[in-house]
Structure formats: structure tokens, C-alpha cells
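Colleague: I've just opened this one and I'm new to it. Could you walk me through it?

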Amino acid sequence: MARTTRTTHTTLSRRILSSVAIACAALGLLTACATTPTSSVSLLEPADGATVGTTFKVRFGVKGMAVAPAGEIVKDSGHNHLLINRMPVTAGESVPFDDNHRHFGAGQMEAMITLPPGQYKLTSQFANGAHQSYGAPMSSTIQITVK
């Protein structure tokens with residue numbers, strides 16, 4: 001009788017552990033799906049690693065957010081900034097106004113940029129109507145050479 005109770009207890013424990021493992025795996029998948037960003041930005045042009053002339057076109061890509069002019073803060077919308085040799089701006093902080101932080105507050109999706117010859121890191125940074133950054137998740141960086 002003790003052996004049967006022990007066997008039943010062991011079988012029940014294994015079933016519970018198996019159920020817990022399945023539940024944890026399912027929860028992990030749900031959490032991964034819930035935290036997968038549906039919004040993103042990219043630099044469509046120039047290509048990462050490209051060599052360009054001193055004046056070249058920059059083309060922005062935005063997915064999952066509306067592009068709108070600066071001014072009014074509207075949920076899930078904003079405009080593009082081009083950061084030249086700068087890191088993404090921390091979420092909630094304002095994007096600086098200087099030569100290394102170019103603002104496209106009219107909602108532009110492309111622009112002609114002029115830079116002297118050299119190696120550059122270009123970062124697309126999306127921010128809200130008040131120029132407050134959405135942070136690193138809404139940024140994208142490429143490397144280019146200007147000849």
C-alpha cells in the first residue's frame with residue numbers, strides 16, 4: 001500500500017511539474033510576444049556601409065507610428081531626427097538643436113544632407129511633437145563613408 005501511495009504521489013508530482021513547465025513556456029512565449037516592438041524606424045537610404053558623395057539623400061522609414069509635424073503631442077506619432085555621430089537620445093529627453101541633431105519637424109521622410117568627407121555614424125531618432133525622444137527602441141543606426 002505504501003508503495004502504491006508513493007508511486008501515485010511520484011506520478012502526480014511529475015504531472016504537476018510537467019504542467020508547470022508547459023505553463024511557464026506558454027507564459028514565456030506570451031511575454032515575448034507582448035514585448036516584441038511593433039513600432040520601429042530605419043534609414044532606408046543610404047544603405048549601411050555605403051560610400052556617398054558630399055551631398056546625398058537620406059530617406060527615413062517608420063513602422064507602427066504616424067509621422068506628424070512637430071508641435072502637438074499626439075499618441076503614437078512623431079517626426080524624424082538625424083543624429084550625426086551621436087548616440088540615440090534617452091527616452092523622454094528632448095533632442096538637442098545643433099548641427100549633429102538635424103530636425104525634420106515638418107514630417108519629412110527624406111532630405112538632402114551635405115557632410116564633409118569622412119566616416120560617419122548616422123542615427124534615425126523618432127520623437128514626439130515636442131521633440132521628446134522615444135528612445136533607443138525608436139532609433140536605427142548605420143555607418144557610411146563620405147568621399
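This is a predicted model: local features need pLDDT of at least 70, side-chain atom pairs count only at pLDDT 80 or more; totals for chains, interfaces and linings use all residues.

Colleague: Okay, then how many bridges join strand 1 to strand 3?

Modeller: Strand 1 covers residues 40-45 and strand 3 covers residues 55-63, and the two run antiparallel. Leu 43 stands opposite Phe 60 in strand 3, if you want a spot to look at. Pairing takes at least two bridges. Here the number joining strand 1 to strand 3 is 5.

Colleague: And which residue in strand 7 does Arg 59 stand opposite?

Modeller: Strand 7, residues 110-114, pairs with strand 3 in the antiparallel sense, over 5 bridges. Follow that pairing to Arg 59, and the residue opposite in strand 7 is Glu 110.

Colleague: Zooming out, how many strands does the protein have?

Modeller: Reading along the sequence, you get the pattern α-β-β-β-β-β-β-β-β-β. There is 1 helix, and the number of strands is 9.

Colleague: What share of the contacts between residues at least 6 apart in sequence join residues at least 24 apart?

Modeller: A contact here means heavy atoms within 4.5 Å. Take the contacts between residues at least 6 apart in sequence, and the share joining residues at least 24 apart is 66%.

Colleague: Which elements give two or more residues to the largest nonpolar core?

Modeller: That core has 17 residues, and those with the most contacts inside it are Phe 56, Leu 82, Ile 113, Leu 115, Leu 122 and Ile 144. The elements that give it two or more residues are strand 3, strand 5 (77-84), strand 7, strand 8 (118-127) and strand 9 (139-146).

Colleague: What does Leu 82 touch, leaving out residues up to four places away in sequence?

Modeller: Leu 82 is among the residues with the most contacts inside the core. Beyond those sequence neighbours, Leu 82 touches Leu 43, Val 58, Phe 60, Asn 100, His 101, Arg 102, Phe 104, Ile 113, Leu 122 and Thr 123.

Colleague: Is Thr 123 buried or exposed?

Modeller: Thr 123 sits in strand 8. Buried means under 20% relative accessible area. Thr 123 has 0% relative accessibility, so the word for it is buried.

Terms used:
Residues are numbered from 1 along each chain as its sequence is written. Side-chain values use heavy atoms; hydrogens and water are left out. Helices (H or I, at least four residues) and strands (E, at least two) are DSSP runs, numbered from the N terminus. A nonpolar core is a set of buried Ala, Val, Leu, Ile, Met, Phe, Trp, Tyr and Cys residues joined through side-chain atoms within 4.5 Å. Buried means under 20% relative accessible area, exposed over 50%, partly exposed in between (1.4 Å probe, protein chains only).
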